[in-house]
Amino acid sequence: MDTFCTVQTAGHNTIVVYAIDPKTGQLALVEHQSTRGRIPRNFGIDPTGTWLLAANQDSDTVAVFRIDAKSGRLTPTGNSVQVAAPVCVKFVPAN
């Protein structure tokens with residue numbers, strides 16, 4: 001399994017990571033990871049697949065995670081940005 005799927009769960013303040021079996025399409029749970037905030041409304045994965053940013057609406061933060069390319073696991077970096085009620089994360093290409 002080398003393809004991964006992530007979903008946020010606002011009720012539990014977590015990001016859930018699943019591995020996708022490329023032959024069967026079956027999902028296998030990899031982990032539940034705290035979003036390091038309250039009410040995650042959205043998350044974004046950078047174009048390189050290295051970083052995940054989680055927008056936590058009720059704690060006014062965007063938390064930064066590193067994505068392990070082999071396992072799909074998330075590692076909190078300890079970095080976050082204060083943003084008033086973030087609800088969306090979007091990566092915009094630099095020109």
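## Contacts and basis of the model

What share of the contacts in the chain with a separation of 6 or more comes from residues 24 or more positions apart? Such residues account for 34% of those contacts, where a contact means heavy atoms within 4.5 Å.

This is a predicted model, in which local features need pLDDT of at least 70 and side-chain atom pairs count only at pLDDT 80 or more, while totals for chains, interfaces and linings use all residues. Residues are numbered from 1 along each chain as its sequence is written, and side-chain values use heavy atoms, with hydrogens and water left out.

## Dimensions and surface

Of the 95 residues, 34% are buried, that is, under 20% relative accessible area with a 1.4 Å probe and protein chains only. The chain exposes about 5900 Å², of which carbon and sulfur atoms supply 53%, with areas from the Shrake-Rupley method and a 1.4 Å probe.

The chain has 0 helices and 7 strands, assigned as DSSP runs (helices H or I, at least four residues; strands E, at least two) and numbered from the N terminus.

Strand β4 (residues 40-45) pairs with strand β5 (residues 51-56) in the antiparallel sense over 5 bridges, pairing being defined by at least two DSSP bridges between two strands. Gly44 stands opposite Leu53 in β5, and in this hairpin, with 5 residues between the strands, Gly49 takes a positive phi near 75°.

Technical notes:
Buried means under 20% relative accessible area, exposed over 50%, partly exposed in between (1.4 Å probe, protein chains only).
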